[in-house]
Amino acid sequence: MPPTPVIEVDHLNLKYGDFHAVKDLSFEVRPGELYALLGTNGAGKTSTLETVEGHRTPTSGTVRVFGHSPRDRAAVRPRMGIMLQESGFSPDLTVRESVGLIGRLTRRTDDVDRVIDVVELTGKAGTLVGQLSGGEKRRLDFATAVYGTPELIFLDEPTTGLDIQSRDDLWNAVDRLRENGSTVVLTTHYLEEAQQRADRIGLMHQGVFRREGTVSELTRTLPAVIKFTLAAPAPALPLQATAGADGSVRVETFNLQKDLYVLLGWAQDHGLELGDLSAGPTRLDDVFRAIES
Ligand SMILES: Nc1ncnc2c1ncn2[C@@H]1O[C@H](COP(=O)(O)OP(=O)(O)OP(=O)(O)O)[C@@H](O)[C@H]1O
């Protein structure tokens, strides 16, 4: 039997007055998985997550977290760490006081200095939140996900505003949490982060899933692209291609390796140079653009 899902969303609908923001959405998040909920602006990601986190009541449909209603706060809240886009810590508290507050609010236990160390704010432990930089505030927000190593972690655009080193540090800390068995739900507009890290992705547009699956399941729905330019008129191409008046050529293929081999052999046989040659697998960006068009 497959393990019981950590999150079960079944035919979720959310309306704001007459506006239908989330339409009949169903998905599951399995134990230990990193699930990325991605989508266009206004797709309904935040509305969906707020419902799963217990902040919003569905218009219809059901949401279960660890088998409970997320509104059953005593059963669910201590087991989940939520890193919001803005945690709203008081500017008048120090970093250490703020991290201590996370423990009292969530009723999880941890060592405050350990958490401060994980989020790389040790040198700022006595600093007031109001005096932190944007990136330092974001790292403090991340403490809400780290504190007490919760079983389920929500990361809402966790790396926005972080420099490259801080991003790497955050993802390393997420890797440690996952090694401890935490399940992670991520939203991000940095698609390469989702492409590298997500076990499965739900791609939302206008309140519904346009695609759901692993990165390879999503990307193999679109062809890979080979592009190059030809300086002089050339013999007939060995593959179906679209040629521009400027000499640019574009080949779309579901068999990149084989078609690239054919193309390079053809160029070699005819002594042709393929200018600005580029060839790459379909990326999540391409799938994303396809759902908007
Ligand atoms: N409280 C509200 N009242 C009315 N409409 C709302 C409310 N909250 C969200 N909406 C609308 O519902 C839709 C979904 O919003 P939501 O914030 O869930 O999208 P999102 O996918 O998180 O978008 P983004 O990527 O831009 O943050 C949007 O059209 C938004 O304008």
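I looked up which element gives the most to the shell around the ligand, and it is H1, with 3 residues. This is a predicted model, in which I took local features only at pLDDT of at least 70 and side-chain atom pairs only at pLDDT 80 or more, while totals for chains, interfaces and linings use all residues. Residues are numbered from 1 along each chain as its sequence is written.

I listed the residues that surround the ligand: Tyr 16, Phe 19, Ala 21, Gly 39, Asn 41, Gly 42, Ala 43, Gly 44, Lys 45, Thr 46 and Ser 47. A residue is near a molecule or strand here if its C-beta atom, placed from the backbone, lies within 6 Å of it. Strand S2 (19–29) and helix H1 (45–52) are the elements that give two or more residues to this shell. Helices (H or I, at least four residues) and strands (E, at least two) are DSSP runs, numbered from the N terminus. I then sorted the shell by residue type and got 4 nonpolar, 6 polar and 1 charged. Ala, Val, Leu, Ile, Met, Phe, Trp, Tyr, Cys and Pro count as nonpolar, Asp, Glu, Lys and Arg as charged, and the others, Gly among them, as polar.

**Helix pair H3 and H5.** I checked the axes of helix H3 (residues 95–106) and helix H5 (residues 134–146), which come within 9 Å and cross at roughly 25°. Therefore H3 is roughly parallel to H5. Axes are lines fitted to C-alpha atoms, for helices over the stretch in contact, and angles run from 0 to 180 degrees between N-to-C directions. Angles under 35 degrees count as roughly parallel, over 145 as roughly antiparallel, 65 to 115 as roughly perpendicular and the rest as oblique. The H3 and H5 crossing is right-handed; that is, the near helix is turned clockwise from the far one by less than a right angle.

I noted the residues that meet: Val 95, Ser 98, Val 99 and Ile 102 from H3, with Leu 140, Ala 143 and Thr 144 from H5. Contact requires C-beta atoms, placed from the backbone, within 7 Å. The residues of this contact are 5 nonpolar, 2 polar and no charged.

**Six-stranded sheet.** I traced an open sheet of 6 strands in the order S5-S6-S7-S3-S8-S9, with mixed pairing. Two strands pair if DSSP finds at least two bridges between them. Strand S5 (80–83) and strand S9 (208–213) are at the edges with a single partner strand each, so one side of each has no neighbour in the sheet. On average, neighbouring strands of this sheet are turned by 15° against each other, direction ignored. H5 turns up again here, packing on the sheet and touching S5 and strand S6 (152–156), with its direction at about 165° to that of S5.

I looked at two pairings. Strand S3 (residues 34–39) runs parallel to strand S7 (residues 183–187) over 3 bridges, and Ala 36 stands opposite Leu 186 in S7. Strand S8 (residues 200–205) and S9 pair in the antiparallel sense over 5 bridges, and His 205 has Val 208 in S9 as its bridge partner. S8 and S9 form a hairpin with 2 residues between them, and Gln 206 in the turn has a positive phi of about 50°.

**Four-stranded sheet.** I found an open sheet of 4 strands, order S11-S12-S10-S13, with antiparallel pairing. Strand S11 (242–243) and strand S13 (275–280) are its edges; each has a single partner strand, so one side of each is left without a neighbour in the sheet. S10 (residues 224–229) pairs with S13 over 4 bridges, and Thr 229 has Gly 275 as its bridge partner in S13. S10 and S12 are joined by 6 bridges, with Val 225 partnered by Glu 252 in S12. S11 and S12 are joined by 2 bridges. Their hairpin has 4 residues between the strands, and Gly 247 in the turn has a positive phi of about 90°. Last, I checked helix H9 (residues 256–269), which lies across S10, strand S12 (248–253) and S13 and runs at about 20° to S10.

Definitions and conventions. Contact = placed C-beta atoms within 7 Å.
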